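Dear colleague,

Please find the structure below, together with its sequence. My notes on it follow.

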Amino acid sequence: MSATSEVIRFAGDVSIDKIEIISSNGFGQEVTNQVMALEIYEDMFSPFISGVLAFKESVDFINLFPFVGEEFLNLKIHTPSFTGKDKVIDEQFYIFKLNNRDMAGDRNMVYEIHFFSREAMVDLNKKVSRAYEGKISDIAKAIITDTQYGLESKKPQVIEETPNGVKYISNFWSPVKNLNYVAENAANKNGASNYIFFENRNGFNFQSLEKLYLNPAIQDFTYDGWMRDYKQDGSSVRNVEKEYKRIISVFVPKLFDYIDRSQLGMFASKMISYDITTKKYVAKNFDMLDDFKTIGHLNPNPLVSKKNIKKPFSLLINYTKYYNNFNNYTDVTNAKTLQRRMSQLQQADANSIEIVVPGRTDYTVGSKVYVKLNKFMPIDSADSDTLDKVFSGNYLIASINHFIDRDSHECHMKLIKDSYIIDLDKGK
């Protein structure tokens, strides 16, 4: 596993620039040749990047450093010919676990080294007791960067502005728990209440799913029988760009589950909120199809037709509000956005597929891609439309596992979408 030239030989080619372990006393050791395989894991619904190294060595690094759980990992990897910070995995991680140590022959030792973002270590060691007040997007930015109460991060941030504000007390919560709390209360100018906090290769993100939906697609993926282009003389031509668009394998873990969708509030819900100060209550019904038209989506049509059976009482929510719990604030709970948030998050993960594609270091979670699948059925010459309109369409990369060994780079992705390209009411 060594650095390659800056010419892509094949889709999935990878260049390892640096894998270095830094001990607590500042001693650094390049370990690229000892790494058998590397996995880097990102998840849009998880706050930090993590990964694992499969390690094989014969010089006893455990005593050389020594390995005691206070080490850092410097990692730099890129796809050949790819330049720019947004296309390179270049970061320092904290090594938090070493396990599965075993002998492999007389003098070789194999084991696994687990690592995660430096901010994850900070989050584990902080419990915050203080009040927060103001615009939610400003609070999120402060928590990410604050050296006393926050994650102490200097990484780039993408913070989507929120017009609404909040005031609350952090009751010895970690910084990430505070970020998740304000995300639950956040809504953008369109009323989208599906804010999430996560880390990807570009830094930390506090954004609504709606904003991610409306970004341009970074790649088109196709699952078909294409292998190579051929010249007139019959010889094949390697087309790396086309190879990158090919799906190696595709798996559908679940297409739909009516019971889950109904009980978790995706279709409809009824909230009875009561204020213990004013002694008043409000009953509010929510309907997914009415809400669908108000915000942006990955594809034009909802996941259900107008004939879908849905009743507000499928999910009954009793919710307490506190009028004037803080001075100059009426209600600081998320009663206004809770039903929308529950439905919008359920829609986001309602349709998912898992694919394996040739790896590239510019793939990262939160990115939008287009997937084209063909109908799985006999087709004759009269069939002009072979597109599978249920599974095809725009998706978000919800999680990605960069698997890198000595020969190649593969990306194992979970893709999610909240909508269809097919109109279920018209059947086309």
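In what order do the 3 strands of the open sheet stand? The order is E18-E17-E19, and the pairing is mixed; strands (at least two residues) and helices (H or I, at least four residues) are DSSP runs numbered from the N terminus, and two strands pair if DSSP finds at least two bridges between them.

This is a predicted model, in which local features need pLDDT of at least 70 and side-chain atom pairs count only at pLDDT 80 or more, while totals for chains, interfaces and linings use all residues. Residues are numbered from 1 along each chain as its sequence is written, and side-chain values use heavy atoms, leaving out hydrogens and water.

Strand E17 (residues 268–275) pairs with E18 in the antiparallel sense over 8 bridges. Within E18, Lys280 stands opposite Asp275.

Helix H9 (residues 338–348) contains Arg341. Beyond its neighbours within four places in sequence, Arg341 is in contact (heavy atoms within 4.5 Å) with Ala183, Glu184, Ser193, Asn194 and Tyr195.

For the protein as a whole, there are 9 helices and 23 strands. Of its 428 residues, 50% count as buried. The C-alpha trace spans about 75 × 70 × 35 Å along its principal axes.

Yours sincerely

Conventions: Buried < 20%, exposed > 50% of the residue type's maximum accessible area, 1.4 Å probe, protein only.
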